[in-house]
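Hi,

Here is the model I promised to pass on. Have a look at it first, and my notes follow below.

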Amino acid sequence: MNLWPVIKLSWKNVWRNPMRSGVVIVAVVLGTLAGIFSTGLMNGLSMQYIRNQLETSVAHIQLHHEKFNEESLPRYYIAAPDSLSAELELYEFVESKSSRSVVQGLASSATNTFGVTIKGIDVKEDSTVSTIHTYITEGNYLEDPSRNPVLIGSKLAQRLKVDLRSRMVLNFQDVEGHITAGAFRVAGIFDSPNSAFDEANVFVRRNDLNRLLGGENLVHEIVLLVDNFKNGDIYRDSLAQNFAGVEIQSWGDVSPSLRYTDSNVDFMLYIFMTIIAIALTFGIINTMLMAVLERTQELGMLMAIGVNKVRTFSMVMFETLFLTLVGVPVGMALSWLALTWVGKVGIDLSAFADGLEEYGLSPMIYPELPEGYYLNIGLLMLFFTLMAAIYPSVKALKLNPVQAIRKV
Amino acid sequence: MAIIQVQNITKIYNHEQVPVHALNGVSMEIEEGEFTAIVGPSGSGKTTLLNVIGGLDNPTEGKVLIQNTEMFSLSERKLIDFRLHHIGFVFQAYNLIPVLTAKENISFILQMQGRPQKECNERSMELLKMVGLEDKIDKRPSELSGGQQQRVAVARALASKPDFVLADEPTANLDSVSTANLLDMMLRLNEEEQITFVFSTHDQRVVERARRVVTLVDGKIATDEVRTENNIEH
């Protein structure tokens, strides 16, 4: 069936009432813009949360002694960590790595005591897997040549009521299971977007910690950053085939809540976009219904002279399609511009920094949206607008030509 | 040969659950090349008869044969297609498509029939010339007078070279000059192109120039007068 004359007529009908079509197109543009931008904002928030967690504490892949995750005891260190580390470097997807000694202990000041995870790091190596050094607000990143410097979070500093250069004591078990302690001096204070992390973690030099633990080259944890964190599970499986005797976990294994957040981002975004599209649908139903009802006589005439039902239905559908095809790309282009710009300059929510940091979020939000979403959201909008056109199209089909022609 | 055969047509409407006999056993035949006026007082069934002949309204009883095809035995889809190819319609309120130009209004029908664009253009131009509107090809209906719009409507009705043209009170909205011009044109097309016109009218000026006048009263044919050259007013 030749639909071309109907398509041409539909296009002209769109511009029959430029004001009304303009309003619908603007609504589609704004709906698309609002939807995509909000989706970008939500996606940016989620991605930022995930990245903050990965870059400050979890990394992409972690290797431990097989029993370390059951009981975080110092005696469960990785055997031959240097050769393991060297072998890991052979994998192309491994971008950086860091070997840490890790122990659970108590941090005590003159006034308070708090349970913490003590991480012994090689400063240079760890800065390739963690961004914690970028959040240092006072002091330095364990670069103090003096003995036993410690880097602590601002939240912990508040709890312990310590300042830069204050002394504090770290108590923990050594590899023999004996309680040991070391006096440390606060060399730096960091304030990451994750206040819970700031409160519960301290960083010391690995050599300093190992000396107290009773071993020279103790490594409890090797953390890796890979080329794409989304492939964490695939790379974990790949490594697991070649490294027996160590437990290898992807970031999702280490933090199921992060995995859940990541896997549900898409779902949440599409739910959100669908709600916007449904709201828009009602506007389109209203407009197209008006367009049909005010053209009753004309539609009756078309049916009388031989425009069949398929063509009549198609005509109304194409009119809606054209409104969408004009509105959606413009909305997508504007969203892209807005997201690109705001994605660079960010949205400053410093006023809510405390609240955001409780949730592991930075006060600067950078909206972002992978390009694939634009197409999917465009198709989603198209789908809903076409759904919106069905009712007016069916209404047009039900017209009786004889009655319609006489309608004034 | 009769191109339209109306056989014992009855049309009953249910108006507020009261049956109204719009047509009551109407039978007539219309030959090719006739110029027939259906006349009668309001409510006599003129428009209903045209709608039934045009396949727009199903009769309660009876048959309509167009070129020996029984219209109401066709499926709905085929009936619409039949109208597209065999019947030209002219409406009282012109009913042109407002977003299309005069030429586009005519070629729309041809495009619907799947004719090549070149043929659509040539035929549209030919018809606009035939109705004396060759200088208005790119004008939209809103830029034309009522008489000009109705002439475009006639051209559109003729576009597909239909078996006949049905016109429901084509001059009802026209002034006397436009009415005379339209009638002249229709008569010329009837005489020169042998186009069959069947139209309903109240207008005595139109009735006077018809070749055949069928008068309906209360849904029945009261008189059916075929005129000779001597009793037609020119």
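**Cores and contacts**

The largest nonpolar core runs to 109 residues, and I38(B), I53(B), A155(B), V165(B), L166(B) and V198(B) have the most contacts inside it. (By core I mean buried Ala, Val, Leu, Ile, Met, Phe, Trp, Tyr and Cys residues joined through C-beta atoms within 7 Å; buried means 20 or more other C-beta atoms within 10 Å of a residue's own, with C-beta atoms placed from the backbone.) Helix α10 (residues 256-293) of chain A gives this core its largest share, nine residues. There is also a second, separate core of 57 residues, with Y49(A), L54(A), L142(A) and Y235(A) among them.

Before you go further: this is a predicted model, where local features need pLDDT of at least 70, side-chain atom pairs count only at pLDDT 80 or more, and totals for chains, interfaces and linings use all residues. Residues are numbered from 1 along each chain as its sequence is written, with chains lettered from A and ligands numbered from 1 in the order in which they are written.

Back to A155(B): beyond its neighbours within four places in sequence, A155(B) is in contact (C-beta atoms, placed from the backbone, within 7 Å) with I106(B), L127(B), L128(B), M130(B) and V131(B).

As for the two chains, 18 residues of chain A are in contact with 19 residues of chain B. On the chain A side, α1 (4-14), α11 (296-305) and α15 (401-406) each give two or more residues (helices are DSSP runs of H or I, at least four residues, numbered from the N terminus).

Cheers

Notes. A residue is buried if 20 or more other C-beta atoms lie within 10 Å of its own, exposed if 12 or fewer, and partly exposed in between; C-beta atoms are placed from the backbone.
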